[in-house]
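This briefing goes through one chain by topic, from overall build to single residues. Please keep the sequence and the structure in view while reading.

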Amino acid sequence: HATIRREDYRPPDWLVPQIELKFTLGIEKTRVQAKLTVERNPEGLEAGAPLLLNGDELKPLGVWIDGNPSDSWTMKGDDLLIPLAGDAHEVAIDTEINPFANSKLMGLYASNGMLCTQCEAEGFRRITFFPDRPDVLSRYKVRMEADEAQFPVLLTNGNPVETGKSEGGRHWAEWEDPFPKPCYLFALVAGDLKPNRDSFTTMSGRKVDLAIWVRKADLPKTQHAMDSLKEAMAWDERVYGREYDLDLFNIVAVSDFNMGAMENKGLNIFNSAYVLADPDTATDVDFDNIARVVAHEYFHNWSGDRVTCRDWFQLSLKEGFTVFRDQSFSADMGSAAVKRIEDVRILRMVQFPEDSGPLSHPIRPDSYMEISNFYTSTIYNKGAELIRMFHTVLGPEKFRAGTDLYFERHDGQAVTCDDFVEALEDASGVDLSQFKIWYSQAGTPQVGAKLDYDAEAKAATLRLDQRVAPTPGQSSKQVMPIPLRTALIGEESGTEIAPEQLILLDGLSREVRFEGIDEAPLLSINRGFSAPVVVHGARRDGELERLAQSDTDPFARYEAMQELAFGALLAGTRGEQADFEPLIRAVRNTLRSNELDPAFKAEAILLPQEAVIAERLEVIDPDAIHSAREQLRKAMGEALMDDLAKAQSAAAGSGDDLSPLAKGTRRLRSVTLGMLAAGDPQQGARIAKAQFDAADNMTDRQGALGVLVSLDAPEREQALQAFYDRFEQDALVIDKWFSLQAAAQRSGTLDEVERLASHPAFTLQNPNRLRALVGSFGMNHWVFNDASGRGYRFVADMIIAADRLNPQAAARQVPPLGRWRRMEPKRSELMRGQLERIADTRGLSRDVYEQATKSLA
Ligand code: HT7
Ligand code: ZN
């Protein structure tokens, strides 16, 4: 399997300004007739180069050059090579594909009787031969013809031009997309779908028709996605000055989809999990995720579609920026503080382990074997953190001037991360060159912070230093610029005695002096998580407890609670008897506070997850982590029983009340229920079952079931059965049923996941189902890392089996097996053994091969 390198980028030898596609659609047989207008690229480096068209599992049925049949072409592996004498030609190619047999879900495939496409990153080459690279932009004219009864709806990018009927009950539609686009943004949908229609009037007064297409029975579940879309459209006008550009914006929901959704120009295709919701079947988190993903894909219309990537190494150009945009949108729609805490939790749970493990890579990678493996938390979430740092350093006005210039300067182009930074610099006049190291250097910086106070001099000195551990291929590291929003809080007064300032740690170490400090100061640092780093603060006794109560920055306050918990948990993993009292007092104060909102309370009292605790240890012993955490949870449950019971029984209003207060109250109910059950499992099971039975919404129901699944109580089975029986017909809810059981914190989970893999409702063909069982189990730190190695073997079996159907989905399950170097020796050996078994499997895909071999290195 070849490695593609960033340094080998060459401009394309041929451009394709125009393409006409004719689809004769059928589930098992689709004919694709492509007519490409090709022109030699004046920027191409190889004079007289032949036309190279990528293909994947395609055979040309016929090739015509300038209207004449040609047999002068050759195959180069999967690709088609056509020698061309002149500088401009028309090349026509016929192919035939079988969407039904396409289990990879890339290219054109069948899902639930409909046809749909997924072309990013390299799926278009599974539809027709084409230079499948994002720097070749074309205008598309598409004709679709199909059986009208089977496929009454025919959609593609752009605007419809003409429709008509043909013989034998067939019909056709012709569409044109006026905006040149790379082929990864091509999309086509054919099926028996119904629309939820609405419209949006843009800031310049243009009316845009909106439609969300789903199966008829799902129509009642589409309103939240539609409302979110309109909010996103208005927000992008308000905050970024970006207006929608076509007359039509379509969203389609499909049930078999490799990722969350896809931003195809004017025709976004979504995993149905990110479209369909009603309070009875979707949780508050599901509702929030729908709003986030709908907004994310919509925002791509500018950050991705109008301005796209030159090559796939620049993926974070569109993904990091668009995640930053969707995070800001969600923050504006609800509580900014809680949103920031949630985003940082994901970063720490997923990206930090990725960055400290064998698959660590920079935001702009230098090489890959399979680009699908690089749709990672590093590209997306760490990429968004870098954009956030630009925003922090420049301030909102200069940042906006920078993005305005970026969109204006590069509209219709395929560009690089450097082009983005240059636009920010040119518009703001600020030199950001030092920040570019964040694009190329992998690893999470570790920052040391120590504050000394001289009471006599009424001065405090903050000493900072930084270090980045080596990562694969990068043994020595350069200094990184780290913007730290910092303030000092008075230990006595609990107020800001040194107001917040932005300290840039841009050397190996730095000292900052604060004058006029007339009471003992507490250090409030990396406020709002202004830099994606780990801060190792040297803390005095009582400092964190005081900050947890009085820090004026909500994120820093949350952080103080987390650090208090870490202190107790890490002592526990070393077998020391930790003092739980400071944390218990802090949690009690939090629960009883009249100022804090319930959503914040829920976040603040949640203990760090086991995988996050593992990140702080040199050698990981999952049993020690689990028992330290359980011991603390039990102590908290016992000590806080009355406060927990009060929060758990708080009325949250009706299940369809999606106000921040109602959502926060429900969240706090489930979080406190979990803690309460840790203190008294029997009572916990009783209350959980009562919450489950009384629930008029999925948030309360899933919250209760999430607690019950980890308890050995009769209520567990009763609730699981009732849940299954009630929602058997709803695939998205049955995904939850699989996922909850795979995440259960009990030793029986191993037997259970093996049984569930043979359950009639389980299938490897549907990525949501695979993620629900295998993905959730891989994140169940304690059980997955069972000392027997059974968890590792189960995941490896699933990966090998899934790889034969869908390599991309299979490869996504490999990372949990990559922690072997950090595990205690016995588990380390067992884990490595399973990775070797995967890597040695015959006929392995490039996707899984890359992940497994890199995880072994
Ligand atoms: N840009 C989209 C990426 C995507 C994707 C990538 C590989 C394989 C399948 C895929 N489906 C969607 C998603 C996004 O970031 O918006
Ligand atoms: Zn995206």
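A residue counts as buried if 20 or more other C-beta atoms lie within 10 Å of its own, as exposed if 12 or fewer do, and as partly exposed in between. The model is predicted. Buried residues account for 51% of the 857 residues in the chain.

**Overall build**

- The chain holds 27 helices and 31 strands.
- The radius of gyration is 28 Å, which agrees with the value near 29 Å that a compact globule of 857 residues would have.
- Along the principal axes, the C-alpha atoms occupy a box of roughly 90 × 65 × 60 Å.
- Of the contacts between residues at least 6 apart in sequence, 69% join residues at least 24 apart.

**Annotated domains**

- An unreviewed UniProt entry annotates residues 225–435 as "domain: Peptidase M1 membrane alanine aminopeptidase".
- Residues 225–435 are 55% helix and 9% strand, and the end C-alpha atoms of this span lie 37 Å apart.
- The UniProt annotation "domain: Peptidase M1 alanyl aminopeptidase C-terminal", also from an unreviewed entry, covers residues 543–857.
- Residues 543–857 are 70% helix and 0% strand, with 42 Å between the end C-alpha atoms.

**Helix pair α10 and α14**

- Helix α10 spans residues 554–573 and helix α14 spans residues 622–639; their axes come within 8 Å and cross at roughly 130°.
- Angles over 145 degrees count as roughly antiparallel and those from 65 to 115 as roughly perpendicular, and α10 and α14 are therefore oblique to each other.
- The α10 and α14 crossing is right-handed.
- On the α10 side, the residues that meet α14 are A568, L569, G572 and T573.
- On the α14 side, their partners are A624, I625, A628, R629, Q631 and L632.

**Helix pair α22 and α24**

- The axes of α22 (residues 767–778) and α24 (residues 790–803) come within 10 Å, with a crossing angle of roughly 145°.
- This crossing of α22 and α24 is left-handed.
- Helix α22 makes the contact through L770, V774, F777 and G778, and helix α24 through V795, M798 and A802.

**Backbone features in loops**

- A cis peptide bond, with omega of about -5°, joins E120 and A121.
- A121 sits in the loop between β11 (114–118) and β12 (137–147).
- D66 is not a glycine, yet its phi is positive, at about 50°.
- The loop that holds D66 runs between β5 (62–65) and β6 (68–69).
- D66 counts as exposed because it has 12 C-beta neighbours inside 10 Å.
- K458 likewise has a positive phi of about 50° and is not a glycine.
- K458 is located in the loop between β25 (446–454) and β26 (459–467).
- K458 has 13 C-beta neighbours inside 10 Å, so it counts as partly exposed.

**Residue I503**

- I503 belongs to strand β28, which covers residues 496–505.
- I503 is partly exposed because 19 other C-beta atoms lie within 10 Å.
- Apart from neighbours within four places in sequence, I503 is in contact with L484, T486 and V512.
- I503 and L830 are separated by 327 residues in sequence and by 45 Å in space, C-alpha to C-alpha.

Notes:
Residues are numbered from 1 along each chain as its sequence is written. Chains are lettered from A and ligands numbered from 1 in the order in which they are written. This is a predicted model: local features need pLDDT of at least 70, side-chain atom pairs count only at pLDDT 80 or more; totals for chains, interfaces and linings use all residues. UniProt positions are given in the numbering used here, feature names are shortened, and annotations may be inferred rather than shown by experiment. Helices (H or I, at least four residues) and strands (E, at least two) are DSSP runs, numbered from the N terminus. The radius of gyration is taken over C-alpha atoms; the globule rule is 2.2 Å times the number of residues to the power 0.38. Two residues are in contact if their C-beta atoms, placed from the backbone, lie within 7 Å. Axes are lines fitted to C-alpha atoms, for helices over the stretch in contact, and angles run from 0 to 180 degrees between N-to-C directions. Angles under 35 degrees count as roughly parallel, over 145 as roughly antiparallel, 65 to 115 as roughly perpendicular and the rest as oblique. A crossing is left-handed if the near helix is turned anticlockwise from the far one by less than a right angle, and right-handed if clockwise.
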